[in-house]
Amino acid sequence: MPVIAVLTILAYIAATTILLRCKLATTDDSPSAQRNGLMLASAGLLGHGWLLISNGYIADQGVLNLTVLNALSAVFWTASVIAVVSSFKNRVETITLGLLPISAIAVLLVVFVPQADVPVSTKDSALDAHILISLIAYAMLTLAAIQGLLLFRIHQSLHNRTPD
């Protein structure tokens, strides 16, 4: 499991680096490089998803393992999935640039920081759906907060007449 975690973290870091270079580049080869960065981010998301399943589900008991770090990792994974999928069609890589390093830190914390298991056995599909919808809502709130910070920065740049 640590090998997949390290590969996932490296994929997130490489994708962030490529997407940042594309954002700062002025050449015309940016779309293909951006697609490569998004593909690397997708590979990181696959590894992160596998780690979430292996850490977040206790198979022999059939229960969820909802530690704080697992829930945090799930929220940032969900937000990153939404951002990366959106980046394939629309130019929202700035949000992706903010989320991928945070997702890498979440993977690092989940895998390498020891924590006690918190098994949650609901045996109720409605409650399971509620937990899933809550995690998705937190992911959307995370995206909204990051977008708000980016818009604030753009507003300040326009107000001070220092475009960047």
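Trainee: Hi! Is the crossing of helix 3 and helix 4 left-handed or right-handed?
Mentor: The helix 3 and helix 4 crossing is left-handed, meaning that the near helix is turned anticlockwise from the far one by less than a right angle. Helices here are DSSP runs of H or I with at least four residues, strands are E runs of at least two, and both are numbered from the N terminus. Mind that this is a predicted model, where local features need pLDDT of at least 70, side-chain atom pairs count only at pLDDT 80 or more, and totals for chains, interfaces and linings use all residues. Residues are numbered from 1 along each chain as its sequence is written, and side-chain values use heavy atoms, leaving out hydrogens and water.

Trainee: At what angle do helix 3 and helix 4 pack?
Mentor: About 150 degrees, with axes 9 Å apart; the axes are lines fitted to C-alpha atoms over the stretch in contact, and angles run from 0 to 180 degrees between N-to-C directions. The two helices are therefore roughly antiparallel, the term for angles over 145 degrees.

Trainee: And which residues make the contact?
Mentor: Among them are F76 and A83 of helix 3 and L99 and L109 of helix 4, with contact taken as heavy atoms within 4.5 Å.

Trainee: New topic: what order do the strands of the sheet have?
Mentor: The order is 1-2-3 in an open, antiparallel sheet of 3 strands, where pairing takes at least two DSSP bridges. Strand 1 (57–58) and strand 3 (119–120) are the edges.

Trainee: Which residue is the bridge partner of L64?
Mentor: V120, in strand 3. Strand 2 (residues 63–65) and strand 3 pair over 2 bridges.

Notes: Angles under 35 degrees count as roughly parallel, over 145 as roughly antiparallel, 65 to 115 as roughly perpendicular and the rest as oblique.
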